[in-house]
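Here is a protein model to explore together through questions and answers.

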Amino acid sequence: LPKSLIIPKGLLSSKEYFSNMVTRYDNRPLDLYLLLLAHSQAINKQEFFISLETMALSLGMPRSWDDTALRRQVIKSLKKLQNRYHLLKVTFFYGQDAAISLIDIPGESFSISSDQIIQPQDKKLTMRLKFLFLLEALLKDEGVDIYSISQPALAKRFNVDRATIRDAFQDLRNYKE
C-alpha cells in the first residue's frame, strides 16, 4: 500500500459517502473502499481486478472460513459500494476475480497516512475513529486545528450526529491508552 492516501474531500463533505457509512455502521464497506482506493493509487489505475478471497483476508476475515464464505462477504460489501454509495462499478465473474472501476469523485483532495486508517485487523481502530482521523487530516489540509472547532459544529459540517463525534473522540482517548 502507498504510505499516504489521497482522499477526495467530497467523500467527507457529501452526505452520501463516508458520513452515510458511519451513520449506517457500514464498517466493512468503508474498510474495503479504503483498501481499493489505496490499491488504485499504488498501481496508478482506476480500473483493476481483485481476488475476492485475498481481499477478504485483507479485511481481517477469519482464515478458517472457506473461499465461498470469504467471497460472499466481499461481494456483499462491493455491491453496497456500487448500489448504495455509488463509489465504484464492479463486474463479477463466477469463481474468479472481480473487475473494479472506481468512480472519480470531483474536487479537491487531501492526504492522510495509510497506516492511520487502513488497519482492518486493529479492533481499537473503530470506524468512528477512522472517520475522525479523516476529518482531522482534511481540516489540517485547510489549515484548521480540529480541536478549535466545537463537536456540534464538526457534526453539522460533516453530516453526522453529535454523538458520533463525541464517541469518536472517546474512541481516540481509548486508542491512545
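Q: Where in the chain is E142?
A: In this predicted model, E142 lies in the loop between α7 (127–141) and α8 (151–157).

Q: Why is E142 called partly exposed?
A: The relative accessibility of E142 is 35%. Buried means under 20% and exposed means over 50%, with partly exposed in between, so at 35% E142 counts as partly exposed.

Q: Which residues are in contact with E142, leaving aside its neighbours within four places in sequence?
A: They are K9 and R157. A contact needs heavy atoms within 4.5 Å. As for A153, 11 residues from E142 along the chain, its C-alpha atom is separated from that of E142 by 16 Å.

Q: How do you know that the radius of gyration of the chain agrees with that of a compact globule?
A: Set the two values side by side. For 177 residues, a compact globule would have a radius of gyration near 16 Å, and the chain has 16 Å, so the two agree. Along its principal axes, the C-alpha trace spans about 50 × 35 × 30 Å. Of the 177 residues, 46% are buried.

Q: What makes up the pattern of the chain, read along the sequence?
A: The chain has nine helices and five strands. Their order is β-α-α-α-β-α-α-β-β-β-α-α-α-α.

Q: How do you know that the reach of helix α3 is close to the expected one?
A: Helix α3 covers residues 27–43, which is 17 residues. Buried residues in α3 include P29, L30, Y33 and S40. Just after the helix, N44 takes a positive phi of about 60 degrees.

Q: What makes the side chains of strand β2 an alternating set?
A: Look at where they point in residues 47–50.

Q: Why are β2 and β4 called paired strands?
A: Two strands pair if there are at least two bridges between them. Four bridges join β2 to β4 (residues 98–102), so the two count as paired. They run antiparallel, and the bridge partner of E47 in β4 is S101.

Note on methods. Residues are numbered from 1 along each chain as its sequence is written. This is a predicted model: local features need pLDDT of at least 70, side-chain atom pairs count only at pLDDT 80 or more; totals for chains, interfaces and linings use all residues. Side-chain values use heavy atoms; hydrogens and water are left out. Buried means under 20% relative accessible area, exposed over 50%, partly exposed in between (1.4 Å probe, protein chains only). The expected span of a helix is 1.5 Å times one less than its number of residues. The radius of gyration is taken over C-alpha atoms; the globule rule is 2.2 Å times the number of residues to the power 0.38.
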